[in-house]
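Please open the model in a viewer and keep the sequence panel beside it.

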Amino acid sequence: SKIEEQYQQTFAHKLLDFQISREDNFPERFIADKQKINQVVKNLLSNALKFTPEGSVRVAFRHRSTADSTYYISITVADTGIGIKKENAEKIFELFTQQENNDSRKFSGLGIGLYICSRIADFLDGKIEFESTPGQGSSFTFSFPAKSPEAGRSLVEKPDHKGKDYHFNANILYAEDKEVNQKVLSIILKNVGCRVDIARNGQEALDMVEKSGYDLILMDIQMPVMDGITATKELKKRHKDLPPVIGISANAMRADAQGYIAQGLDDYIAKPVSPGMIYALLQEWLPEDKKYHGQKTTDEQIIMIPDKDEAKKICNLNESMLKNLKEQTQDNQEVLKDLYITFLSEADVLIDTIKDAARTQNKTLMKESVHALKGLSATVGADKIYHISSQWNRNHTNGVFDFSEASVKTLQTNYEKLKKIICTRFDCKNYF
């Protein structure tokens, strides 16, 4: 109601119809971080106001509840504004994104607000999804977990990254070809009592399912020998009692998720995966006797929102991600060093492959290598490399390839800077 009171006059002044609706059984009270939730909603409303010259803005509150007194709250902000072009859709959550069309040039960039929204959603174990049609409007849905008042005073913040209070007792198969991703996710899973087997491609996953029983399968989408979609389809042909198969990919678009699920996956998450995302998946998809049934209390986490100076650049190494990895590994410097050395070893190969692909103008090799680099850099918080590879990946999806020496040199230069930072931070200069 406070949001409605605050914005009603603002929208009326712009001659826009503004309405808020709540489903009939929407809870009057729930326990969550009010300040951060309000920040996301206000940013979404501000963007709707900014990019809707006429028509309406609608806010809808929905929820679903579970047996353990958890609510999953969804807040949708839908407008009849200018919409988002397909080629701009993947980058709207990046820093300083500006819509490139005549209708929107008079508005300031929307990227910093949506970037902050996506970071807050991640820290709340939530997500932001959107759908948009150019010229007809956009719809953003912010969803997050919350507790009912009866569940006690627990804050529904990002779960303790160590996961020390969770225990799932499950057998997990993780199909992934990149070693650094294998190591990071294995740490997350083992911290909460899971036993993890690694398959390096889809064919190995098929073979391992034949030999062992699993409670859940995590399946990377792009792998050599056999990709995750093909492997999932084959597994479902062979096994009527197959456990849930969850896809993992660096593609973060809602359309990607819907497409993957339509091809046989039971669910899908985007890289980089956080401990909270994994815990939520385990709780939702594991058999009842493997789920966690205790009560979890957490301390409030601090959202790392860039200040004006910070936001002017994208960092080489994300300190927040590094902090998360430290917590996951119980600040074991040897394990952390091993993770980042593994990253550099794999990234070195990908950078060389990208250079070869540019030299020979091999589109397929370029597309595959850049996509792999995007996922790899996301896992360890290599933000600058992730930003560059994401831009290239979007272009490749749209059929645009740049094999120029300048572009490759930009990637190489930034990678060398990152490499120096990592080697200095972890005292691993002798390894390279």
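**Before selecting**

The model is predicted, so local features are reported only at pLDDT of at least 70 and side-chain atom pairs only at pLDDT 80 or more, while totals for chains, interfaces and linings use all residues. Residues are numbered from 1 along each chain as its sequence is written, and side-chain values use heavy atoms, with hydrogens and water left out.

**Stop 1: the whole protein**

Of its 432 residues, 55% count as buried, where buried means under 20% relative accessible area, exposed over 50%, and partly exposed in between (1.4 Å probe, protein chains only). The protein exposes about 20900 Å², and carbon and sulfur atoms supply 47% of that area; the areas come from the Shrake-Rupley method with a 1.4 Å probe, and for residues only the protein chains shown count as cover. Among contacts between residues at least 6 apart in sequence, 69% join residues at least 24 apart; contact means heavy atoms within 4.5 Å.

**Stop 2: the five-stranded sheet**

Select strands β6 to β10. In which order do the strands of this open sheet lie? The order is β7-β6-β8-β9-β10, with parallel pairing; two strands pair if DSSP finds at least two bridges between them. The edge strands, each pairing on one side only, are β7 (195-199) and β10 (267-270). Neighbouring strands are turned by 20 degrees against each other on average, direction ignored. For such angles, axes are lines fitted to C-alpha atoms, for helices over the stretch in contact, and the values run from 0 to 180 degrees between N-to-C directions.

Next, select β6 (residues 171-175) and β8 (residues 216-220), which pair in the parallel sense over 4 bridges. Here Leu-173 has Ile-217 of β8 as its bridge partner.

Move on to β9 and β10, which run parallel and are joined by 4 bridges. Ile-248 stands opposite Ile-269 in β10. Both faces of β10 are covered: Asp-267 and Ile-269 are buried on one side, as are Tyr-268 and Ala-270 on the other. In a regular strand the side chains alternate between the two faces of the sheet.

**Stop 3: helices on the sheet**

Within α6, show the side chains of Arg-238 and Glu-234, which lie 4 residues apart, about one turn of the helix. They form a salt bridge whose closest N and O atoms are 3.1 Å apart; the term denotes a side-chain nitrogen of Lys or Arg within 4 Å of a carboxyl oxygen of Asp or Glu. Arg-238 is partly exposed at 40% relative accessibility, and Glu-234 is partly exposed at 25%.

**Stop 4: further salt bridges**

The whole structure holds 12 salt bridges. Select Asp-17 and Arg-58, whose side chains meet at 2.9 Å, N to O. This pair links distant parts of the chain, with Asp-17 in strand β1 (residues 17-22) and Arg-58 in strand β2 (residues 56-65), 41 residues apart. Asp-17 is partly exposed, with a relative accessible area of 32%, and Arg-58 is partly exposed at 32% relative accessibility.

Then select Asp-348 and Lys-419, which form a salt bridge of 3.1 Å, N to O. The two lie 71 residues apart, Asp-348 in helix α10 (residues 333-360) and Lys-419 in helix α13 (residues 405-425). Is Lys-419 buried or exposed? Lys-419 counts as buried because its relative accessibility is 16%.

**Stop 5**

Select Ser-369 in helix α11 (residues 363-380). Ser-369 is buried, with a relative accessible area of 4%. Leaving aside neighbours within four places in sequence, Ser-369 is in contact with Leu-350, Thr-353 and Ile-354.

Finally, select helix α2 (residues 34-50). Its 17 residues should span 24 Å at 1.5 Å a residue, and the end C-alpha atoms are 24 Å apart, which agrees; the expected span is 1.5 Å times one less than the number of residues. The buried residues of α2 include Ile-37, Val-40, Val-41 and Leu-44.
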